[in-house]
Amino acid sequence: MGAEGPYLQLRPLGGGREWDVEPTHLHPLTGAELLSALVAEANARSRRRRSLGDGPPSVP
C-alpha cells in the first residue's frame with residue numbers, strides 16, 4: 001500500500017484497516033499462499049452476492 005518511515009503499510013486484499021510491518025518480516029508469496037488468498041477472496045465475493053440475493057438459487 002505504501003511506506004511510512006522504516007515500515008511498509010499493508011492492507012488486506014478485500015479492504016480494511018492497514019497495518020505497519022518491517023520489510024524484513026515479509027517474503028514473496030508462495031504459490032500455495034497466493035492460491036489460498038485468491039480462493040478466500042472469491043469465496044467472500046460469493047458470500048456477499050448471496051447475502052444480497054444476487055447469487056444462484058440455493059438447492060433445497
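In which element is Leu38 found? Leu38 is found in helix α1, and the legends below return to this residue after an overview of the predicted model.

**Figure 1. Overall arrangement of the protein chain in the predicted model.** The protein chain holds 1 helix and 3 strands. Read from the N terminus on, these elements follow the order β-β-β-α. Of the 60 residues of the chain, 3% count as buried. The accessible surface of the protein chain amounts to about 5,100 Å², and carbon and sulfur atoms contribute 59% of this area.

Figure 2. When residues up to four places away in sequence are not counted, Asp20 touches Tyr7, Leu8 and Gln9. Gln9 counts as buried, because its relative accessibility is 18% and the limit for this class is under 20%. Asp20, by contrast, has a relative accessibility of 45% and therefore counts as partly exposed. A further pair in this view is Gln9 and Glu22, which are 13 residues apart along the chain and have C-alpha atoms separated by 9.0 Å.

**Figure 3. Close-up of the salt bridge between Arg11 and Glu18.** A search of the whole structure finds 2 salt bridges, and one of them joins Arg11 to Glu18. In this pair the closest N and O atoms are 3.1 Å apart. Arg11 is partly exposed, as its relative accessible area is 40%. Glu18 is likewise placed in the partly exposed class, with 34% relative accessibility.

**Figure 4. Close-up of the salt bridge between Glu41 and Arg45 in helix α1.** The closest N and O atoms of Glu41 and Arg45 are 3.9 Å apart. This distance qualifies as a salt bridge because the cut-off between the side-chain nitrogen and the carboxyl oxygen is within 4 Å. Glu41 and Arg45 are separated by about one helical turn, because they are 4 residues apart in helix α1. Glu41 counts as partly exposed at 28% relative accessibility. Arg45 is also partly exposed, and its relative accessible area is 37%.

**Figure 5. Close-up of the nonpolar surface patch that includes Leu38.** Leu29, Leu34 and Leu38 form this patch on the surface, and together they have about 290 Å² of accessible area. Leu38 lies in helix α1 and is partly exposed, with a relative accessible area of 45%. Leu38 can take part in a patch because the residues of a patch need over 30% relative accessible area, and Leu38 has 45%.

**Figure 6. Close-up of Ala37 and Leu13.** Ala37 has its place in helix α1. Its relative accessible area is 22%, so Ala37 is partly exposed. Ala37 and Leu13 are 24 residues apart along the chain, and their C-alpha atoms are separated by 8.0 Å.

**Figure 7. Close-up of the positive surface patch in which Arg49 takes part.** The patch is formed by Arg47, Arg48, Arg49 and Arg50. Arg49 is found in helix α1, which covers residues 31-51. With a relative accessible area of 43%, Arg49 is partly exposed. Arg49 thus meets the accessibility condition for a patch, because that condition asks for over 30% relative accessible area and Arg49 has 43%.

Methods:
Residues are numbered from 1 along each chain as its sequence is written. This is a predicted model: local features need pLDDT of at least 70, side-chain atom pairs count only at pLDDT 80 or more; totals for chains, interfaces and linings use all residues. Side-chain values use heavy atoms; hydrogens and water are left out. Patches are made of residues with over 30% relative accessible area and no salt bridge: like charges are joined within 9 Å, nonpolar side chains (Val, Leu, Ile, Met, Phe, Trp, Tyr) within 5 Å. Accessible areas come from the Shrake-Rupley method with a 1.4 Å probe; for residues, only the protein chains shown count as cover. Lys and Arg count as positive and Asp and Glu as negative; His and the chain ends are not counted. The place of a charge is taken as NZ of Lys, CZ of Arg, CG of Asp or CD of Glu. Helices (H or I, at least four residues) and strands (E, at least two) are DSSP runs, numbered from the N terminus. Buried means under 20% relative accessible area, exposed over 50%, partly exposed in between (1.4 Å probe, protein chains only). Contact means heavy atoms within 4.5 Å.
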